[in-house]
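Keep the structure open as you read.

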Amino acid sequence: MKKIFLQIGATRDGQNPYCAVAKREGYFTVLAETDDFVDYQSLSLRLPFDRIVRLNRPENPREVMQAYLRAGLLDHPQVVLAGFEAYNASAGRVREMLAGPEAAGCFIPLDKYAQRMALKKGCAHFPQPEFRFFASPLSILAARDALLYPCVIKPVDSGGGLGVWLVADARQLDLTINKLMDTLNYGGRTFSGFIVECWLAGDEYSLQGVVHNGQALALTCCKKVIEQNRDRDGCVNFYESGHVAIAADALPAAFAGMMSRCCETFNYRQGAFHIDFIVINGMPYFLEMGFRLSGLGVTNLVQEVTDIDWAEVAFRIEAGLELPPLRYGAQPRAVGQLRLRQPAQLAMAQAWIEQHQHGTLLPPLNQPSLPVTPRSTLYADLTRHAGILSTFRLAAAARDEVLAVFRHIIQLLPAAMPGDILCAE
């Protein structure tokens, strides 16, 4: 019987680490993705999969399996993983369908609201921002006088920062809700709900790791660079512009405790994960957990600072193979990547590299900007993942050295508004 690996959804950063590992392990590789996105991404790169299965809704597990069978693939896939966060639950449901009578042990990824509620019920004192759930943008608007400002609105089932807005006060809420009303999820679908949470001022981090037989292991800890963008209407949204990674072999006890508690509470026992959190006075506040590899090229950072292939470890766990001993690289260092979206940023990075003879500008994925309407299935991808001019890569002995350079490049741009926070590093 042919060994088949099925990936639901293409990665948005152009990396295909699962596919590369699967091919090394002798798998026939299959990608399930929408027609529009396959055609769009093919403009700038060659998708490395042996077979591409086109369908309308990768988020629908039954449609995935129907399209898979229509493509003449009669052997069930042995490994099914999501390439993109928006299709993570679909991958879990497909694994459940394939498991048959043993499906009771299958893990179905929780959305952001379900994660928050599980932590709140399981451990009342586990720190996270105060939050409320809303079924629609209009229901948020109806509660305008009951919200605590400033607040952050985020969809429970999206990815890549799509639909995440910072609202300073009730007057700004009307404009923001109008934006949400015109925003569709990836693939042109609607959002299934929203969280409105209190905005916390602190440093944002993420942990990258794996869990095997219920034992969680952190590989790296990234400090994030978050840019706030104010549009012409004065509404503020976010971009994760950069990450600076260090090996997590000496993880702070509070971070390690949060990681273990999350895996235990969500009953996540096998696979890759990343956890986003914000640190205030040394205490981590949980934001969300992704049950997959990180995007935005973070898999490369993990390997550079640890000498561990994160995708290979995660794939072997999913395939039920034995894991080799995981040993971190001998030389501690920090490696960062900063995505440059503005010509001024690119010019500053070029000048810094020329002056210091250090750092590298990586070529962009070169995803073209196309004129599409907000109702297009490509609109979310074009607004969140296209338009990156280059990626500035920098390594140093310590994380703060890299962050200082990144902050220098970002903060020298014109301020969006007096008093705005342009970078949280």
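The largest cavity here has a volume of about 110 Å³. Bear in mind that this is a predicted model. How do you look for a hole like that? Rolling a probe the size of a water molecule over the atoms shows where empty space is left. A search of the whole structure turns up one cavity of 30 Å³ or more. Its lining is made of 14 residues, and the closest to the centre are L81, N88, Y268, F291 and E318. If you'd rather think in elements, strand 4 (79-82), helix 4 (88-99), strand 12 and helix 10 (310-318) each give two or more residues to that lining. Sorted by class, the lining has nine nonpolar, two polar and three charged residues.

Now over to helix 8, which covers residues 253-265. Its 13 residues reach 18 Å from the first C-alpha to the last, close to the 18 Å expected at 1.5 Å a residue. Which of its residues are buried? They are F255, M258, M259, C262 and C263. Looking down the axis of helix 8, you'd find these buried residues within an arc of 125 degrees, so they line one face of the helix. There's a simple bit of geometry behind such patterns: an α-helix has 3.6 residues a turn, so residues three or four places apart point the same way.

What does the buried side of helix 8 pack against? Its buried residues meet strand 9 (203-212), strand 10 (215-230), strand 12 (270-280) and strand 13 (283-290). On the face turned away from the buried side sit the exposed residues A253 and E264. After helix 8 comes N267, with a positive phi near 55 degrees.

Conventions
Residues are numbered from 1 along each chain as its sequence is written. This is a predicted model: local features need pLDDT of at least 70, side-chain atom pairs count only at pLDDT 80 or more; totals for chains, interfaces and linings use all residues. Side-chain values use heavy atoms; hydrogens and water are left out. Helices (H or I, at least four residues) and strands (E, at least two) are DSSP runs, numbered from the N terminus. The expected span of a helix is 1.5 Å times one less than its number of residues. Buried means under 20% relative accessible area, exposed over 50%, partly exposed in between (1.4 Å probe, protein chains only). The arc is that of the directions from the helix axis to the C-beta atoms. Contact means heavy atoms within 4.5 Å. On a 1 Å grid over the protein atoms alone, a cavity is a set of points where a 1.4 Å probe fits but cannot get out, and a pocket is an open set with protein on both sides within 12 Å along at least five of seven lines; lining residues have an atom within 4 Å of a point. Grid points are joined across faces, edges and corners, and a volume is the space filled by probe spheres set on the points. Ala, Val, Leu, Ile, Met, Phe, Trp, Tyr, Cys and Pro count as nonpolar, Asp, Glu, Lys and Arg as charged, and the others, Gly among them, as polar.
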